[in-house]
Amino acid sequence: MLERLVLPPWLRFGLALPLLVLNLWVLRQLLLPLAPFPALFLAAALLAFLLDLPTRWLVEQRLPRPLALLLVLGLALGGVVLAALWLLPRLVTQLDELITALPGWLAQGETLLGQLQDWAVAKGLPTDFGNLSSEVITRTSKLASQLSQQLLSLLGATVGLTVNTVIVLVLTVFLLIGGERIAQGLAEWLPPGVRSLVTSTLFRTFRGYFGGQVVLALILSSLQMLVFTLLAIPYGVLFAVAIGFTTLIPYASALTIVLVSLLLALQEPRQGLEVLVAAITVGQVVDQVIQPRLMGKIVGLQPAWLLISLPIGSRLGSLLGLGELLGLLLAVPLASCGKTFLDAWAVRLRAGEAALAAADGVRE
């Protein structure tokens, strides 16, 4: 009797939602005491997934997999060493210089606001920028102070950071070597009817999104660095890396461009305008020429759903003890996978309802 019971879709959803919330609560209770190891494991899994992409490509070119693994790991290690020796010292130096110069820039910005207020008064416009400038100066100075304190605490926690980095790197190597067998073992726990859909969707979405986004971030950072160097923009390396790698989060790069341009405009309005025009131009070239060929339409989400998924992902990452940044990075591909699963579920529900209607018509 119960085997023939068919629940309507709204009742299935109503029963599934409380179970989903309960499972998320249980998962949170399990993950929080283990922090930060779940976040480290996920970070290692993402790195291993990214390194697996060139490994698969080399294997497709008929290179033995052990040799392909050694080659990819060697190139990745070389990139890390190069970044540590050349890029990281420049980033730290320019960030320190920027924090030192920021109060002077803010004072110049307050002077510009005062001149703007005088002009508005002369024209008879009812404006008052005094409170606005004081609020901006206070908040920005507080932000700079907090940033410098966080940098000092980060330098003081070098041992813990080094240990976590070593853990991530070791896990990355092991997951890169045995990740395919681990994924196949986990897939065996899924129902046979949805196994191929889940594995193919996860692999396609994460491969297209993270692989494409990381390559785009590297290309955009390199191009911005070149353009800023030619324009003699101060702290060009720091700003180029910030603009480039915020592309990993949708729409964050545009916000970074505006903030950097406004920051430079406090010291020299011409340089702020140059950075705004150059960054937008380079970004449009990358978005219109490189991104369609590299990623296509992997995500398949409307902009409104992208904006909704970001804060939800950030909040879930914080609640589960994974960190808001990791939640932001995972929000878009997971939302894309969720959309694919819901679409497939809807198709199956419609097919089942059509079959039931046909059976009822036959009985009548």
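The following conversation discusses a predicted model.

Student: How many salt bridges does a search of the whole structure find?
Tutor: The search finds three salt bridges. In one of them, Asp52 pairs with Arg56, with the closest N and O atoms 2.6 Å apart. Asp52 also forms a salt bridge with Arg65, where the closest N and O atoms are 3.4 Å apart. This second pair links distant parts of the chain, since Asp52 is in helix α2 and Arg65 is in helix α3 (residues 65-122), 13 residues apart.

Student: And how are Asp52 and Arg56 placed in helix α2?
Tutor: They are four residues apart in helix α2 (residues 37-60), so about one helical turn separates them. An α-helix has 3.6 residues a turn, so residues three or four places apart point the same way.

Student: Is Asp52 buried or exposed?
Tutor: Asp52 is buried, because its relative accessible area is 11%, and the cut-off for buried is under 20%. Arg56 is partly exposed at 31%, and Arg65 is partly exposed at 25%. Asp52, Arg56 and Arg65 are linked in a network of salt bridges.

Student: What about Glu274, which residue does it meet in a salt bridge?
Tutor: The side chain of Glu274 meets that of Arg270, at 2.4 Å from N to O. Both residues lie in helix α9 (residues 269-294), four residues apart, or about one turn of the helix. Glu274 is partly exposed, with 23% relative accessibility.

Student: Changing topic: which residues form the aromatic pair?
Tutor: The structure holds one aromatic pair. Tyr235 and Phe239 form it in an edge-to-face arrangement, 6.2 Å centre to centre with 75 degrees between the planes. Tyr235 counts as buried at 14% relative accessibility, and Phe239 is buried at 4%.

Student: Why is helix α7 described as largely enclosed by the rest of the structure?
Tutor: Eight of the ten residues of helix α7 (residues 236-245) are buried, so the rest of the structure largely encloses the helix. Among the buried residues of α7 are Gly236, Phe239 and Ile243.

Student: Where does Thr256 sit, and what does its side chain contact?
Tutor: Thr256 is in helix α8 (residues 252-267), and its side chain makes a polar contact of 3.3 Å with that of Thr246. Thr256 counts as buried at 14% relative accessibility.

Student: Which helices each supply at least two residues of the nonpolar patch?
Tutor: Those helices are α1 (9-31) and α10 (303-319). The surface patch is about 870 Å², and its residues include Leu17, Leu24, Trp305 and Ile312. Leu17 lies in helix α1 and is partly exposed, with a relative accessible area of 41%.

How values were computed: Residues numbered from 1 in each chain as written. Predicted model: local features only at pLDDT ≥ 70, side-chain atom pairs only at ≥ 80, totals over all residues. Heavy atoms only, no water. Phe/Tyr/Trp six-rings, centres within 6.5 Å; stacked < 30°, edge-to-face > 60°. Buried < 20%, exposed > 50% of the residue type's maximum accessible area, 1.4 Å probe, protein only. Patch = residues over 30% accessible without salt bridge, like charges linked within 9 Å, V, L, I, M, F, W, Y side chains within 5 Å. Areas by Shrake-Rupley, 256 points an atom, 1.4 Å probe, with all protein chains shown as cover. Salt bridge = Lys/Arg side-chain N within 4 Å of Asp/Glu carboxyl O. Polar contact = N/O pair within 3.5 Å; in protein donor to acceptor, adjacent residues only side chain to side chain.
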